[in-house]
Amino acid sequence: MATDQQPRQRIEASYPKDRTALGGPRLGPVGWARWAWRQLTSMRTALALLLLLAVAAIPGSIFPQRGVDPVRVRRYFEDDPDLARWLDRLGMFDVYASPWFASIYLLLMISLIGCVLPRMRQHLRAVRAQPPRIPARLERLPVHRRVVLDAAPSEVVAAARAQLAGRRYRLREEEDGALVVAAEKGFAKETGNLLFHLALLGIIVSVAAGHLFGWRGEIIIKEGESWTSGAGTFDTLSLGPLVDEADIPAFTVELNDLDVQFEAQAQGAQFGQPRVFEGVATVEADGAERQVDFGVNQPLSVGRTSMYLLGNGYAPVVTVRDPEGEILFSDAVTFLPQDNTYGSDGVIKVPAADPGLGFAGGFLPTISMGEETGMTSSFPGLVDPALVLTAYEGELFPEGRSQSVFALPTETLDQVMQDDGEPSRMLLRPGDQLEIPGDRGTIEFETVIRWGGMLVRHDPGRLPALVFAGTALVGLVLMLGVRRRRVFVRVHPAAGDPAAPGARHTGLSVAALPKGTDPGLDDLVDGLLERITEACGGRLIEPGDDARDNNEDEV
């Protein structure tokens with residue numbers, strides 16, 4: 001008993017009396033920095049940051065963004081100023097430009113770099129290295145076969161090496177006369193994995209470059225109208241942080257024709273759906289003029305700037321005259337569609353009148369009247385167009401404040417009344433001319449033209465992002481389609497007198513080791529055995545008690 005306690009007493013005596021001194025080594029600044037870097041560059045952290053980035057992007061699809069829809073952002077502030085103020089402080093109206101989104105973005109990029117670069121070095125070393133040596137006990141591998149052939153050992157080894165080389169396996173260099181073969185294949189799987197992550201990193205960098213050096217603007221061009229690019233000519237303009245207004249290239253676009261056709265023969269949900277949506281424009285840039293066709297999926301390109309056709313609508317041509325017949329206003333007025341049948345809202349402002357005149361109402365491409373629904377549009381095409389207006393008078397631009405061209409400040413205006421005391425209501429069809437109540441002149445609905453909504457965008461990261469997206473797809477195909485395998489072959493000379501010249505009974509063991517799951521490994525080994533037998537010109541003498549037995553016995 002004393003003998004058993006002596007080692008224990010010696011071990012306890014080696015411990016300090018003060019057990020608090022048993023703590024591990026303290027990490028200094030360098031140690032903590034290394035620990036933080038290892039945590040940040042781990043694959044688990046990269047996946048967590050990728051998931052967090054996806055979650056952080058959700059508010060961008062819930063709340064309107066200033067760069068995309070500033071009108072809805074302004075409406076948020078008008079409807080609920082307190083809530084909108086707090087949302088603005090949290091960056092909900094500029095999610096993708098907010099500091100917290102940018103921090104997740106940068107951390108993900110750093111994490112991907114820290115994950116990919118060390119793995120690239122390891123992969124390069126593995127590619128340059130020879131396949132590993134053959135294991136001592138092949139029976140321990142997941143798939144193992146052994147047979148006896150009527151062939152010389154050297155012929156079997158040569159056949160095995162030739163068959164594996166023909167299937168593009170990398171062979172380990174062995175000494176002359178060695179009766180083993182070690183081969184491996186499938187490095188393209190890890191290459192695809194690294195290629196996918198490098199492409200993902202390239203996409204992140206490309207999107208960041210597009211945000212920093214790109215810009216986008218929106219305009220509405222009517223048929224027959226010309227538009228010249230410039231910082232002050234866009235309806236909305238959003239510049240990247242590193243872009244100046246002087247960087248916007250100068251060019252002119254004239255919308256010659258806009259062709260939109262709707263489905264009139266179909267029934268149900270397909271009725272009224274657009275079937276043709278394309279246009280013709282004349283572009284003048286760098287002193288050269290050319291005519292181009294464009295459509296929804298066929299943008300109009302001017303240098304490195306692209307113009308996309310986003311929407312369309314109708315612009316009634318209206319002329320307003322004073323009581324003496326002088327023209328106060330004559331132009332095509334943009335009306336914005338509100339439904340699938342292109343029932344549209346718009347306003348007409350006539351500041352030249354005294355007092356100013358304003359008309360608010362709707363345009364109906366195919367007017368339909370019902371007792372319950374009132375006046376609506378039954379089809380988006382120009383079958384029976386009509387213009388329904390209500391007149392207002394007063395100060396159109398109170399205190400000189402800027403306002404939307406699609407809104408009328410009715411709170412500061414007086415509604416024009418008819419002789420019977422009812423609010424003015426005017427229904428006009430193309431060619432109609434009506435008197436404005438109160439002897440204020442006339443309004444004429446001349447004709448209808450179309451307008452096209454164009455998105456003008458310069459994104460230097462678009463093409464690199466497309467290339468990297470294709471590269472990521474290639475890497476994903478390699479990662480999922482290629483299997484990493486190692487194959488080992490051992491040849492056993494004939495029992496009894498292995499060194500006897502011309503010995504023809506040779507044992508053959510073939511085993512395979514996959515990386516991960518590989519359901520086709522059994523077929524691979526069986527097929528390899530068959531091809532080796534045919535290649536060495538021998539015949540199968542003894543497959544053993546069970547050719548699929550994983551227990552290796554002496555031949």
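Let's start at Val 73. Beyond its neighbours within four places in sequence, Val 73 is in contact with Pro 64, Gln 65, Arg 66 and Phe 93. Keep in mind that this is a predicted model. Val 73 sits in helix α5, which covers residues 70-79. Is Val 73 buried or exposed? Its relative accessible area is 4%, so Val 73 is buried. Now look along the chain to Asp 88. Asp 88 and Val 73 are 15 residues apart, and their C-alpha atoms are separated by 9.6 Å.

Next, a pair of helices. Helix α3 spans residues 43-56, and helix α7 spans residues 99-128. They pack at an angle of about 150°, with axes 9 Å apart. Angles over 145 degrees count as roughly antiparallel, so α3 is roughly antiparallel to α7. Their crossing is left-handed. Who makes the contact? On the α3 side, the residues include Met 43, Leu 49, Leu 53 and Ala 56. On the α7 side, among them are Trp 100, Phe 101, Ile 104 and Arg 119. By class, this contact of α3 with α7 has 15 nonpolar, 2 polar and 1 charged residues.

Last, the sheet. How many strands form it? There are 4, in an open sheet, ordered β5-β7-β8-β9, and the pairing is antiparallel. The edge strands are β5, at 226-228, and β9, at 288-295. Each of these edge strands pairs on one side only. From one strand to the next, the twist averages 25°. Zoom in on β8, residues 274-285. Strand β8 pairs with β9 in the antiparallel sense, over 8 bridges.

Note on methods: Residues are numbered from 1 along each chain as its sequence is written. This is a predicted model: local features need pLDDT of at least 70, side-chain atom pairs count only at pLDDT 80 or more; totals for chains, interfaces and linings use all residues. Side-chain values use heavy atoms; hydrogens and water are left out. Helices (H or I, at least four residues) and strands (E, at least two) are DSSP runs, numbered from the N terminus. Buried means under 20% relative accessible area, exposed over 50%, partly exposed in between (1.4 Å probe, protein chains only). Contact means heavy atoms within 4.5 Å. Axes are lines fitted to C-alpha atoms, for helices over the stretch in contact, and angles run from 0 to 180 degrees between N-to-C directions. Angles under 35 degrees count as roughly parallel, over 145 as roughly antiparallel, 65 to 115 as roughly perpendicular and the rest as oblique. A crossing is left-handed if the near helix is turned anticlockwise from the far one by less than a right angle, and right-handed if clockwise. Ala, Val, Leu, Ile, Met, Phe, Trp, Tyr, Cys and Pro count as nonpolar, Asp, Glu, Lys and Arg as charged, and the others, Gly among them, as polar. Two strands pair if DSSP finds at least two bridges between them.
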